[in-house]
Amino acid sequence: MRDRAYDSMELDAVEVRGQTVGVIISGDTTAYLSNAYKTNLDASAEDLIRKMPGMIVDGDGVQAEGESVKRILVDGKVFFGDDPSIALKTITAQVIERIEVFDQLSEQSRFTGFNDGNTTKTINIITKREFQNGQFGKAYIGAGPDEKYNGGGNINFFNEDQRITLVG
């Protein structure tokens, strides 16, 4: 057998770029990964959700997949009762890992294990691990003509099963 001589040649560097998957559908749950959507540093969860396909935030509330969202959960636990708009304005976008949208069964169905067909469109905000035990929030202050001032903010205390938010 005869030896073959091969010429070698050095190639230029190659850069491989990929995009983060923005949406994952698993069964009846649609998960939106927050790092796939660009927001400002001071953005709220509401600002983040506005950028997600199939989600609408307006004066009437929040809609997901064409239905009104009636409940917001944070890490699977009720947050601010049944008022989605306050919950979305309180949590900052930088603490969110992903947003899950699903039809939550009624309390009776969850208790008995029998699906009675009654569901509520629900958003579950999954926070990043480093924010699940700690404090975070934001504050603002402003002044205008005629000695008019405005200020406010919120701070969140998350500690395992406990969620406390102060809004002012």
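Leaving out neighbours within four places in sequence, F102 is in contact (heavy atoms within 4.5 Å) with D28, T29, L73, T120, K121, T122 and N124. This is a predicted model, so local features need pLDDT of at least 70 and side-chain atom pairs count only at pLDDT 80 or more, while totals for chains, interfaces and linings use all residues. Residues are numbered from 1 along each chain as its sequence is written, and side-chain values use heavy atoms, with hydrogens and water left out.

**The overall picture**

- The secondary structure comes to three helices and twelve strands; these are DSSP runs numbered from the N terminus, with helices being H or I of at least four residues and strands being E of at least two.
- Of the 168 residues in the protein, 34% are buried, and buried here means under 20% relative accessible area, with exposed over 50% and partly exposed in between (1.4 Å probe, protein chains only).
- Take the contacts between residues at least 6 apart in sequence: 54% of them join residues at least 24 apart.

**The six-stranded sheet**

- An open sheet with mixed pairing runs in the order β1-β2-β8-β9-β6-β7; two strands pair if DSSP finds at least two bridges between them.
- Its edge strands are β1 (23–26) and β7 (77–78), each of which pairs on one side only.
- Strand β2 (residues 29–33) runs antiparallel to β8, with four bridges joining them, and A31 has E100 in β8 as its bridge partner.
- E100 also stands opposite N124 in β9, and β8 and β9 are antiparallel strands joined by nine bridges.
- Over at β6 (residues 71–74), the pairing with β7 is antiparallel over two bridges, and L73 stands opposite V78 in β7.

**The three-stranded sheet**

- A second open sheet has the order β3-β4-β5, with antiparallel pairing.
- Here β3 and β5 (67–68) are at the edges with a single partner strand each, so one side of each is left without a neighbour in the sheet.
- Two bridges hold the antiparallel pairing of β4 and β5, with Q63 having S68 in β5 as its bridge partner.

**The nonpolar core**

- The largest nonpolar core has 26 residues, and M55, I99, I123 and I125 touch the most other members. Such a core is a set of buried Ala, Val, Leu, Ile, Met, Phe, Trp, Tyr and Cys residues joined through side-chain atoms within 4.5 Å.
- At least two residues of this core come from each of α1 (45–50), β3 (55–58), β4 (61–64), β6, α2 (84–90), β8 (96–105) and β9.
- M55 is in contact with Y32, I49, R50, Q63, A64, I99, V101 and I123, again leaving aside neighbours within four places in sequence.

- F102 sits in strand β8 and is buried, at a relative accessible area of 14%.
- The C-alpha atoms of F102 and T122 are separated by 5.5 Å, although the two residues are 20 apart along the chain.
- K121 belongs to strand β9 (residues 119–127), and its relative accessible area of 4% makes it a buried lysine.
- Not counting residues up to four places away in sequence, K121 touches A64, E65, E67, S68, V69, K70, R71, V101, F102 and D103.
- The side chains of K121 and E65 make a polar contact at 2.8 Å. The term covers a pair of N or O atoms within 3.5 Å; within protein, one must be able to donate a hydrogen and the other to accept it, and residues adjacent in sequence count only if both atoms are side-chain atoms.

**Two positive phi values**

- E65, in the loop between β4 and β5, has a positive phi of about 55° although it is not a glycine. At 37% relative accessibility, E65 counts as partly exposed.
- D75, in the loop between β6 and β7, also has a positive phi, near 55°. At 15% relative accessibility, D75 counts as buried.
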